[in-house]
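Me: I'd like to learn how to read a structure like this one, feature by feature. Can we look at it together?

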Amino acid sequence: FIGAKPFMNYVTGVIMQFTTQGAQEVVIKGRGKFITRCVDVAEVVAKRFLQGQIDINNVKLDSEEFKNKEERNVRVSTIEITLIRK
(Lines give C-alpha, C1' and ligand atoms only; values in the text may rest on other atoms or scores of the structure.)
Protein backbone atom coordinates (compact mmCIF):
# COMPACT_ATOMS: atom_id res chain seq x y z
CA PHE A 1 0.00 0.00 0.00
CA ILE A 2 1.17 3.48 -0.88
CA GLY A 3 1.42 5.67 2.23
CA ALA A 4 3.33 8.61 3.60
CA LYS A 5 6.87 7.61 2.56
CA PRO A 6 8.73 9.86 0.11
CA PHE A 7 7.44 9.41 -3.45
CA MET A 8 10.73 8.18 -4.94
CA ASN A 9 10.93 5.35 -2.37
CA TYR A 10 7.82 3.81 -3.96
CA VAL A 11 9.11 4.37 -7.49
CA THR A 12 12.43 2.76 -6.59
CA GLY A 13 10.67 -0.17 -4.93
CA VAL A 14 8.57 -0.91 -8.01
CA ILE A 15 11.57 -0.59 -10.34
CA MET A 16 13.58 -2.97 -8.16
CA GLN A 17 10.79 -5.54 -8.24
CA PHE A 18 11.01 -5.62 -12.03
CA THR A 19 14.78 -5.31 -12.43
CA THR A 20 16.49 -7.10 -9.53
CA GLN A 21 13.68 -9.44 -8.43
CA GLY A 22 12.62 -10.41 -11.95
CA ALA A 23 8.93 -9.83 -11.28
CA GLN A 24 6.56 -10.26 -14.21
CA GLU A 25 3.80 -8.33 -12.43
CA VAL A 26 3.66 -5.70 -9.67
CA VAL A 27 0.45 -4.49 -8.02
CA ILE A 28 0.47 -0.97 -6.56
CA LYS A 29 -2.28 -0.26 -4.02
CA GLY A 30 -3.48 3.02 -2.55
CA ARG A 31 -6.46 4.29 -0.63
CA GLY A 32 -8.00 7.58 0.38
CA LYS A 33 -5.75 10.58 -0.06
CA PHE A 34 -2.90 8.36 -1.32
CA ILE A 35 -4.74 7.29 -4.50
CA THR A 36 -3.16 10.15 -6.46
CA ARG A 37 0.31 9.11 -5.27
CA CYS A 38 -0.39 5.55 -6.39
CA VAL A 39 -1.35 6.76 -9.87
CA ASP A 40 1.74 8.99 -10.01
CA VAL A 41 4.05 6.10 -9.06
CA ALA A 42 2.57 3.87 -11.78
CA GLU A 43 2.85 6.62 -14.41
CA VAL A 44 6.43 7.59 -13.52
CA VAL A 45 7.60 3.97 -13.56
CA ALA A 46 5.80 3.10 -16.82
CA LYS A 47 6.51 6.28 -18.76
CA ARG A 48 9.84 7.45 -17.45
CA PHE A 49 12.04 4.81 -15.85
CA LEU A 50 10.89 1.59 -17.52
CA GLN A 51 9.41 3.09 -20.68
CA GLY A 52 8.76 0.43 -23.29
CA GLN A 53 9.42 -2.38 -20.80
CA ILE A 54 6.17 -2.49 -18.82
CA ASP A 55 2.49 -1.76 -19.37
CA ILE A 56 -0.37 -0.82 -17.10
CA ASN A 57 -2.43 -3.99 -17.34
CA ASN A 58 -5.37 -3.43 -15.01
CA VAL A 59 -6.86 -0.78 -12.74
CA LYS A 60 -9.32 -1.85 -10.03
CA LEU A 61 -11.39 0.70 -8.11
CA ASP A 62 -13.17 -0.25 -4.89
CA SER A 63 -13.90 0.98 -1.38
CA GLU A 64 -13.31 -0.27 2.16
CA GLU A 65 -15.26 0.33 5.32
CA PHE A 66 -13.64 0.53 8.74
CA LYS A 67 -14.08 2.16 12.14
CA ASN A 68 -12.15 5.39 12.73
CA LYS A 69 -10.73 6.65 16.04
CA GLU A 70 -14.16 7.91 17.07
CA GLU A 71 -15.61 4.40 16.45
CA ARG A 72 -17.65 5.63 13.47
CA ASN A 73 -17.91 3.58 10.28
CA VAL A 74 -16.00 5.27 7.48
CA ARG A 75 -15.92 4.29 3.81
CA VAL A 76 -12.72 5.02 1.89
CA SER A 77 -11.98 4.59 -1.82
CA THR A 78 -9.18 2.24 -2.93
CA ILE A 79 -7.24 1.61 -6.14
CA GLU A 80 -5.07 -1.27 -7.36
CA ILE A 81 -2.89 -0.73 -10.44
CA THR A 82 -1.31 -3.81 -12.00
CA LEU A 83 1.90 -3.31 -13.98
CA ILE A 84 3.17 -6.15 -16.20
CA ARG A 85 6.43 -6.77 -18.02
CA LYS A 86 6.09 -6.66 -21.82
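Me: Which side chain meets aspartate 55 in a salt bridge?

Reply: Start with the rule: a salt bridge is a side-chain nitrogen of Lys or Arg within 4 Å of a carboxyl oxygen of Asp or Glu. Here the partner is lysine 86, at 3.6 Å from N to O. Lysine 86 lies in the segment after β3 and aspartate 55 in strand β2, so the pair ties together parts that are 31 residues apart in sequence. Strands (E, at least two residues) and helices (H or I, at least four) are DSSP runs, numbered from the N terminus.

Me: Before we go on, what should I know about the model itself?

Reply: It's a predicted model: local features need pLDDT of at least 70, side-chain atom pairs count only at pLDDT 80 or more, and totals for chains, interfaces and linings use all residues. Residues are numbered from 1 along each chain as its sequence is written, and side-chain values use heavy atoms, with hydrogens and water left out.

Me: Is lysine 86 buried or exposed?

Reply: The scale goes like this: buried means under 20% relative accessible area, exposed over 50%, and partly exposed in between (1.4 Å probe, protein chains only). Lysine 86 counts as exposed because its relative accessibility is 59%.

Me: How many salt bridges does the whole structure have?

Reply: A search of the whole structure turns up five. One of them joins glutamate 80 and lysine 29 (3.9 Å, N to O). Glutamate 80 sits in strand β3 (residues 73-85) and lysine 29 in strand β1 (residues 25-31), so this pair ties together parts 51 residues apart in sequence. Glutamate 80 is partly exposed at 27%, and lysine 29 is partly exposed at 32%.

Me: What does arginine 31 form with glutamate 64?

Reply: Another salt bridge, with the closest N and O atoms 2.7 Å apart. The pair links distant parts of the chain, arginine 31 in strand β1 and glutamate 64 in strand β2, 33 residues apart. Arginine 31 is partly exposed, with a relative accessible area of 37%.

Me: Which ring does the charged end of arginine 31 sit over?

Reply: A charge sits over a ring if NZ of Lys or CZ of Arg is within 6 Å of the ring centre and within 35 degrees of the ring normal. In this case the ring belongs to phenylalanine 66, and the charged end of arginine 31 is 5.5 Å from its centre.

Me: Which residues does threonine 82 touch?

Reply: Contact means heavy atoms within 4.5 Å. Leaving aside neighbours within four places in sequence, threonine 82 is in contact with Glu25, Val26, Val27, Asp55, Ile56, Asn57 and Asn58. Threonine 82 is in strand β3 and counts as buried, at 10% relative accessibility.

Me: Which residue has a positive phi although it is not a glycine?

Reply: First the background: most residues other than glycine have a negative phi. Here glutamate 71 has a positive one, about 65°. Glutamate 71 lies in the loop between β2 and β3, and it counts as exposed at 56% relative accessibility.

Me: And where is valine 59?

Reply: In strand β2 (residues 54-67). Valine 59 counts as partly exposed, at 45% relative accessibility.
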